[in-house]
Amino acid sequence: MDLGSQEKIKRLADEHGPEQLLVVLGAPDAESAEIAAETLVLGDPTYAGALAEVQLGLSVYHVLEDEFRSQIPEDVFEDQIGVMADVLEAEEIATAVKGMREQAPAPG
Amino acid sequence: MRAPVISATSAALAHVPGLARHGSKPSRELPRDAELEQRFLGALRTFEQAVAYPPHQAFLGTLHPRELPERPWVSARSDGAERFTGAGELMPEEEFLGLMAAVDEFDLLTLGAEHAEAAAGALSRHPLAERFDLERLAKAGGDTERAAAERGALPLYLGADRLVGAMRAADEVDAALSAPVLLENLTVKASAALALTRLLADHDIEPESIDYVIGAGEEAIGDRYQRGGGNLAKSVAAVAGLSEASGADVKNFCAAPVPALVIAGSLVASGVFERVAVIAGGSLAKLGMKFEGHLKHDLPVLEDVLGAAALLVEADDGRSPRIRLDSVGCHRVVDGSSNPKIMEALCVAPLDRLGLGTLEVDDYATELHNPEITEPQGSGDVAQRNYKTIAALAVRRGELAREDIDSFVTKHGMPGFAPTQGHIASALCYLPHAHARLTSEAARRVQLIAKGSLFLGRMSEASDGMSVLLEANNHEGG
């Protein structure tokens with residue numbers, strides 16, 4: 001995950017508390033989605049950014065996951081994401097992100 | 001209105017493993033981790049490996065990207081790969097440093113006397129030798145250690161550890177004229193000059209016949225009062241002997257080459273100029289950008305070449321591929337930044353306007369980044385993603401069956417093969433192939449699609465892009 005985004009998310013988490021944040025990913029494949037999710041849940045695995053060794057345990061979803069998709073009007077999803085949903089490996093991406101989400105440390 | 005055509009193209013690569021450490025990412029990461037630096041230096045490629053690397057041969061026109069062997073390409077056999085090809089050449093670092101000195105009009109680059117002599121010797125045997133300013137190169141010879149010790153100077157190495165030169169700052173406090181920035185600018189100038197010189201020599205073009213040069217490289221040269229002041233184009237025109245030419249740069253992040261081509265075509269079509277060259281040099285800042293992913297996967301530092309290209313636009317000559325100015329696709333402000341919306345605006349909307357279907361374009365050339373470079377760092381296969389998006393749009397338009405998406409990608413797309421210097425990857429790298437295929441009637445239409453990430457400059461959330469269709473000259477109906 002790029003360093004600017006890491007910094008921005010860390011700042012928001014410090015300001016509002018990680019439990020107040022939900023991050024929606026748009027990464028186009030399972031590998032990059034997993035790295036992004038790992039960064040937001042367990043910390044930056046490349047140790048390069050602001051989230052290195054910072055376990056925010058954020059709620060993270062991919063835009064193609066049913067949990068997210070069901071929350072937005074179908075016509076909006078269709079207009080903005082529909083074409084990509086046709087070609088990306090949605091299930092593979094969802095499994096990768098879910099796997100990371102489940103590794104979030106228990107709150108408190 | 002006169003129909004503009006692309007009458008000639010060229011491609012050049014410079015293999016610069018020693019300069020790779022001055023890429024933006026390595027220059028930040030290596031100085032703070034000695035062990036990492038050693039691993040980086042130990043993973044640099046030899047010149048022979050760079051020549052044998054199949055994507056480089058595809059870049060230089062020896063094989064079409066669709067003819068690339070199965071990956072991994074790093075371990076592919078060379079099968080007689082040559083430095084010099086029909087479309088251009090891959091220049092070794094020793095010579096390229098010499099070429100940089102030969103185009104350095106402000107004596108900013110000092111080469112060790114021994115290296116300057118060796119480089120001059122090698123360049124004097126180069127097929128383009130008479131077009132290089134070897135006298136200026138000879139004057140660049142000096143005391144490397146003294147030059148490198150100057151305040152703000154940057155030592156330059158050949159390969160991993162042979163100190164052969166130093167780049168000096170032109171001003172002690174002006175960040176736009178610091179040694180790292182000037183090194184970037186000089187590498188663009190030298191690589192673009194190599195591509196332009198090849199264009200002239202390989203196609204028997206009189207340098208004086210070119211009226212205008214448009215620079216589409218990524219670097220924005222300038223000083224503290226106008227950091228992106230520009231006009232590297234004219235400086236390249238000057239060293240390539242284009243005495244009658246003026247020029248200017250077009251800036252648009254990675255998307256610049258297509259707008260540059262469209263502007264060139266428009267200048268010719270309107271009769272403002274007869275012959276316009278579009279040029280782009282390589283981006284030093286992008287070298288080693290994804291090296292951490294490469295080292296992690298036991299790959300060599302794959303971003304060790306500078307890519308450059310040049311092409312000539314002139315009025316219809318009855319044989320060269322036409323630039324269809326009525327096919328220009330624009331990414332408007334209202335189009336937004338989602339990838340499908342961008343592709344709809346750039347790929348589909350212009351075809352609709354011309355009454356063409358997506359299957360009537362033989363080749364789509366879009367962001368052709370080499371996936372062997374991007375995947376290890378988690379950036380995925382950029383080219384394939386774009387082709388799948390185009391295919392998905394075709395499915396939605398009822399022009400393609402869903403189960404044919406993969407075959408569409410194989411037939412109308414191609415594997416990425418360009419260095420990760422976005423402007424070079426953004427369709428420009430395909431020009432030698434497009435020219436060959438359209439001229440030989442192997443293809444009738446090629447759509448060039450370029451996209452740029454404007455948000456990187458923090459002045460807009462927007463993206464941008466432009467597309468244009470090239471068509472075989474003898475094809476009726478255009």
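Entry 1: I began with burial in chain A: 33% of its 108 residues count as buried. I note here that the model is predicted. I then looked up the extent of the C-alpha trace of chain A, which spans about 35 × 25 × 25 Å along its principal axes. I compared the radius of gyration with the expectation for a compact globule: for 108 residues that value would be near 13 Å, and chain A, at 14 Å, agrees with it.

**Entry 2: secondary structure and contacts.** I recorded 6 helices and 2 strands in chain A. Along the sequence, I read their pattern as α-β-α-β-α-α-α-α. I also checked the sequence separation of contacts in chain A: of those between residues at least 6 apart, 69% join residues at least 24 apart.

**Entry 3: the strand pair.** I asked in which sense β1(A) and β2(A) pair. Strand β1 of chain A, residues 22-25, and strand β2 of chain A, residues 59-62, pair in the parallel sense, over 4 bridges. Within this pairing I found Val24(A) opposite Tyr61(A) of β2(A).

**Entry 4: the side facing chain B.** I looked up the contacts between the chains and found 11 residues of chain A in contact with 16 residues of chain B. On the side of chain A that touches chain B, α2 and α5 (82-87) of chain A are the elements that give two or more residues. The largest share, 4 residues, comes from α5(A). By residue class, I noted 5 nonpolar, 3 polar and 3 charged residues on this side of chain A.

Methods: Residues numbered from 1 in each chain as written. Chains lettered and ligands numbered in written order. Predicted model: local features only at pLDDT ≥ 70, side-chain atom pairs only at ≥ 80, totals over all residues. Pairing = 2+ DSSP bridges. Contact = placed C-beta atoms within 7 Å. Nonpolar A, V, L, I, M, F, W, Y, C, P; charged D, E, K, R; others polar. Rg over C-alpha atoms; globule rule 2.2 N^0.38 Å. Buried ≥ 20, exposed ≤ 12 C-beta atoms within 10 Å, placed from the backbone.
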